[in-house]
Amino acid sequence: MLTVATFKKGFQRGLTTTWNLAKVIVPVYLIVTFLKYTPVMGIVAGFFEPLMHFFGLPGEASLVLVLGKLLNIYAALGAISTLELTGREITIIATMLLLSHSLPVESAVSGRTGVNAMLMTGFRLVISVISGLVLNLVL
Amino acid sequence: MDWLGYLSEALPGAGQNVLMMAAIVIPVMIVLEVARDLKILDWIAQRMSPLMGFFHLSPQAAFPLLVGIIFGIAYGAGVLIEEARSGRLSWKDIFLINVFLSVCHAVVEDTALFMAVGANGLVILLGRIIAAILITYLISRTAWLQRENLRRGVPGAVNAAGGSGNKCC
């Protein structure tokens with residue numbers, strides 16, 4: 001049944017998610033922007049440049065991938081908006097991240113339903129890498 | 001270090017980001033709540049259930065699968081655990097639903113958020129769905145899965161934790 005409560009519940013859920021998002025996005029945004037003002041970003045970017053090249057991404061994008069894989073999508077979103085990336089680059093990163101993110105947490109969850117967590121993590125990382133390579137060729 | 005430059009870039013940027021996310025997440029959550037209360041998913045799941053054979057899944061797998069795809073793993077797992085307890089899903093069903101959902105879940109929220117920062121929504125959504133279908137199909141055809149399924153018991157008679165002996169939740 002559709003009532004006012006439905007909309008209220010949706011609104012509240014939206015607020016809660018926004019708050020959870022803000023708790024991650026704001027610090028990540030502040031830290032990544034800070035790194036841009038120091039030589040650290042250039043060093044990290046330079047180091048990963050050759051690897052990121054396979055996915056058609058700039059070196060800085062490695063930071064977004066690491067944040068997304070280890071923390072979550074929200075952290076990655078915070079970092080993406082700090083960097084100047086093209087639509088194509090963002091689409092490639094987004095696909096790579098959506099296929100595998102928050103690996104420590106999500107593997108633990110699937111582990112609880114009786115699935116081997118290590119296997120699942122390895123498997124998602126492989127798919128993510130393949131999708132990056134493929135999109136770089138196709139897009 | 002140019003602190004003034006830093007602060008004048010970082011603070012408004014962070015604030016703007018959060019506002020943009022709020023503008024996306026709140027409507028998405030309202031739409032999802034409406035879909036849930038109108039039981040739209042039950043209706044779609046019913047029509048999807050004949051297709052489950054493609055993945056060697058039982059027809060009852062359609063609902064938890066759909067819930068996970070639309071609402072996310074947390075909700076999907078909730079439905080999954082309930083269905084498994086009632087004995088309507090086999091270990092194989094649970095395993096394959098997990099495989100599918102680990103690649104493709106919460107598509108409405110995730111796609112909207114990445115579109116907001118400039119990604120191509122069609123590519124990221126289709127990419128995920130195609131990857132999930134391909135992988136689940138391939139795994140559903142492996143000899144390993146058939147063996148494990150036999151080893152873990154007859155379909156429909158598996159405990160809630162997926163036969164792993166895990167007594168949590």
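**Chain B, overall**

Helices here are DSSP runs (H or I, at least four residues), strands are E runs of at least two, and both are numbered from the N terminus. From the N terminus on, the order in chain B reads α-α-α-α-α-α-α-α. I noted that this is a predicted model, where local features need pLDDT of at least 70, side-chain atom pairs count only at pLDDT 80 or more, and totals for chains, interfaces and linings use all residues. Residues are numbered from 1 along each chain as its sequence is written, chains are lettered from A in the order in which they are written, and side-chain values use heavy atoms, with hydrogens and water left out.

How much of chain B is buried? Of its 169 residues, 53% count as buried, meaning under 20% relative accessible area with a 1.4 Å probe and protein chains only. I also checked contacts (heavy atoms within 4.5 Å). Among contacts in chain B with a separation of 6 or more, 69% join residues 24 or more positions apart.

**Helix pairs**

Two packed helices are described by the angle between their axes and the distance between the axes. Axes are lines fitted to C-alpha atoms, for helices over the stretch in contact, and angles run from 0 to 180 degrees between N-to-C directions.

I took α6(B) and α7(B) to start. Their axes come within 9 Å and cross at roughly 145°. On the α6(B) side I listed Val107(B), Asp110(B), Thr111(B), Phe114(B) and Met115(B). They meet Gly121(B), Ile124(B), Leu125(B) and Arg128(B) in α7(B). By class, this contact has five nonpolar, two polar and two charged residues. Nonpolar covers Ala, Val, Leu, Ile, Met, Phe, Trp, Tyr, Cys and Pro; charged covers Asp, Glu, Lys and Arg; the others, Gly among them, are polar.

Next I crossed between chains. α5(A) and α7(B) pack at about 35°, with axes 9 Å apart. This crossing is right-handed. From α5(A), Thr91(A), Ala94(A), Thr95(A), Leu98(A) and Leu99(A) take part. Their partners in α7(B) are Val123(B), Ile124(B), Arg128(B) and Ala131(B). I counted six nonpolar, two polar and one charged residues by class.

A cavity is a set of points, on a 1 Å grid over the protein atoms alone, where a 1.4 Å probe fits but cannot get out; a pocket is an open set with protein on both sides within 12 Å along at least five of seven lines; lining residues have an atom within 4 Å of a point. Grid points are joined across faces, edges and corners, and a volume is the space filled by probe spheres set on the points.

I found two cavities of 30 Å³ or more. The largest cavity holds about 120 Å³. Its lining has 12 residues. Which element gives the largest share? That is α4(B), with four residues.

The largest pocket holds about 760 Å³. Of its 28 lining residues, those nearest the centre include Tyr74(A) and Glu109(B). The lining has 14 nonpolar, eight polar and six charged residues.

The second largest pocket has about 370 Å³. Its lining has 17 residues, and α7(B) gives the largest share, eight. By class I noted 14 nonpolar, three polar and no charged residues.

Note on methods
Left-handed = near helix turned anticlockwise from the far one by under 90°. Buried < 20%, exposed > 50% of the residue type's maximum accessible area, 1.4 Å probe, protein only.
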